[in-house]
Amino acid sequence: MRADAQRNAEKLRAAAAELFKERGLKVPLKEIARRAGVSHGTLYNLFGTREALIDEVVTDLASDRLGEAAEHALSLEDAWEGFAYYVEKVCELQATDPAVADVVSGRYPRAERLMTLCDRAQEAGSQVIERAQQAGSLRPDFTSEDLLLIFATNAPLARAAADAAPDAWRRGLAFVLDGLRTEATRRPLPVAPLTTAQVYDVMENLTGTP
């Protein structure tokens, strides 16, 4: 890559990182090019697609943040505290970083590195769930798809309340967590859990098609 192309690529990465963090992964590519001070064509010449730019700019950062959340959750001696920490931390990331919120939704299947990250995050979430269930503190009928559904509903609430009540999501999540304790189980759930594909359909309907 020529020196001028390298400079333009760095400008685009920096602009994309800023705008993705401010507004999420759906921000128009023309705005990224405009903030970087280059043409729309230059962006396409250097990166080709939105998904390629996402993989370049967002995946590693999101991987670090989600990985740290799971690692810390699994390190806590109390399995329930680990589960609650993990759920709260991911919901907090959704509320404070629109880019991470979009990552958790798994809405960009053509971003290969990003989808690998989503698979790893789901596996980590499953470990956190299984550990709490084995300890007897998390109700046994809770699934990893149920956890994805919590994240799917938290993201739009946090986004909608960001200006008027930025911490509103914490209150709703506290009610949810209390209802997930084993001692809160009083009767069988009325319907079966959603499949992973169904949860991602819900996420797409809540957030809109990219």
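Author: A residue counts as buried under 20% relative accessible area, exposed over 50% and partly exposed in between (1.4 Å probe, protein chains only). This is a predicted model, in which local features need pLDDT of at least 70 and side-chain atom pairs count only at pLDDT 80 or more, while totals for chains, interfaces and linings use all residues. Residues are numbered from 1 along each chain as its sequence is written, and side-chain values use heavy atoms, with hydrogens and water left out.

Asp 102 is buried because its relative accessibility is 7%, and its side chain reaches the backbone nitrogen of Leu 25 at 2.7 Å. That is a polar contact, meaning N or O atoms within 3.5 Å, where within protein one must be able to donate a hydrogen and the other to accept it, and residues adjacent in sequence count only if both atoms are side-chain atoms.

Salt bridges (a side-chain nitrogen of Lys or Arg within 4 Å of a carboxyl oxygen of Asp or Glu) number 13 in the structure. In one of them, Asp 97 meets Lys 21 at 3.5 Å, N to O. Asp 97 lies in the loop between H6 and H7 and Lys 21 in helix H1 (residues 3-23), so the pair ties together parts 76 residues apart in sequence; helices here are DSSP runs (H or I) of at least four residues, numbered from the N terminus. Asp 97 is buried at 2% relative accessibility, whereas Lys 21, at 42%, is partly exposed.

Another salt bridge joins Arg 110 and Glu 51 at 3.3 Å, N to O. Arg 110 is exposed at 66%, while Glu 51 is buried at 10%.

Note on methods
Helices (H or I, at least four residues) and strands (E, at least two) are DSSP runs, numbered from the N terminus.
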